[in-house]
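Me: Hello! Could you show me the sequence and the structure, and then let me go through the model with a few questions?

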Amino acid sequence: MLLARNTGKGFVDVSAEAGSIFQQVWVGRGLAIGDIDNDGRLDAVVTSNDGALYVLHNSTQTQNHWLTLELVGHRSNRDAIGAEVKLVTQRFNGNSERQPAAIFLSSDKRVHSVLGPGDSCNDDRNSLPSGMRQTLKDIRGDQILQVHEPSAGLVQKGPSK
């Protein structure tokens, strides 16, 4: 297996420092990504060609904060697949799209975002498959937030900090 770190200018192989699992030789069969323990860090589950299952728990230490959105469609499809999410923090703007899993039931359906060292999201704008737009403001970080599609476009204030 290979683990690469994105430096912003390319990728660097960090497998040697990532644990013994990356020193073994075996053939991977499937990969699922998600936040298994709800700590804001994405974990991985890998199956091998021989059927063994490996859980790769992400215990990376970081000063960054995070936000996980569980989108719930009502007029749109239940999982809000196709929703476009734009997060605005003090340091950056980030975009995500709620995609169906590439392999049946293989990945976390929530939208995971790293907020950086700031502890909140100033603005979350969701464009839902139904065409409805939704804005949440002043959302504190380090939480899983369930966001329901409203019956009409509106601006909501997020949970208090």
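**Pocket, strands and salt bridges**

Me: How do the residues lining the largest pocket divide into nonpolar, polar and charged?
Reply: Happy to start there. On a 1 Å grid over the protein atoms alone, a pocket is an open set of points where a 1.4 Å probe fits, with protein on both sides within 12 Å along at least five of seven lines, and lining residues have an atom within 4 Å of a point. Ala, Val, Leu, Ile, Met, Phe, Trp, Tyr, Cys and Pro count as nonpolar, Asp, Glu, Lys and Arg as charged, and the others, Gly among them, as polar. On that basis the lining divides into 16 nonpolar, 14 polar and five charged residues.

Me: Which pLDDT must side-chain atom pairs have to count here?
Reply: Residues are numbered from 1 along each chain as its sequence is written, and side-chain values use heavy atoms, leaving out hydrogens and water. This is a predicted model, where totals for chains, interfaces and linings use all residues, local features need pLDDT of at least 70, and side-chain atom pairs count only at pLDDT 80 or more.

Me: How much space lies in the largest pocket?
Reply: The lining is made up of 35 residues, and those nearest the centre are L3, R41, L42, N58 and T60. Grid points are joined across faces, edges and corners, and the volume is the space filled by probe spheres set on the points. For the largest pocket this gives about 1,200 Å³.

Me: Which strands each supply at least two residues of that lining?
Reply: Strands (E, at least two residues) are DSSP runs numbered from the N terminus, as are helices (H or I, at least four). The chain has zero helices and 13 strands. The strands that each supply at least two lining residues are β1 (4-6), β3 (28-34), β4 (43-48), β6 (65-72) and β9 (111-116).

Me: What percentage of the residues in the chain is buried?
Reply: A residue is buried under 20% relative accessible area, exposed over 50% and partly exposed in between, with a 1.4 Å probe and protein chains only. Of the 161 residues in the chain, the buried ones make up 34%.

Me: What is the N to O distance between R41 and D39?
Reply: A salt bridge here is a side-chain nitrogen of Lys or Arg within 4 Å of a carboxyl oxygen of Asp or Glu, and the count comes to three. R41 counts as partly exposed, at 23% relative accessibility, while D39 sits in the loop between β3 and β4. In their salt bridge, the closest N and O atoms of R41 and D39 are apart by 2.7 Å.

Me: How many residues apart in sequence are the parts that K109 and D79 tie together?
Reply: The side chains of K109 and D79 meet in a salt bridge at 2.9 Å, N to O. K109 lies in the loop between β8 (93-97) and β9, and D79 in the loop between β6 and β7 (84-88), so the pair ties together parts whose separation in sequence is 30 residues.

Me: Is R110 buried or exposed?
Reply: R110 forms a salt bridge with D108, with the closest N and O atoms 2.7 Å apart. With a relative accessible area of 16%, R110 is buried.

Me: What is the phi of A80?
Reply: A80 belongs to the loop between β6 and β7 and counts as buried, at 0% relative accessibility. A80 is a residue other than glycine, yet its phi is positive, near 55 degrees.

Me: Where does D138 lie?
Reply: D138 is not a glycine either, and has a positive phi of about 50 degrees. It counts as partly exposed, at 31% relative accessibility. Its place is in strand β11 (residues 133-140).

Me: How far apart are the C-alpha atoms of Q146 and L69?
Reply: Q146 is part of strand β12 (residues 143-148) and touches E70 and V72, not counting residues up to four places away in sequence. Q146 and L69 are 77 residues apart along the chain, and their C-alpha atoms are separated by 5.8 Å.

Definitions and conventions:
Contact = heavy atoms within 4.5 Å.
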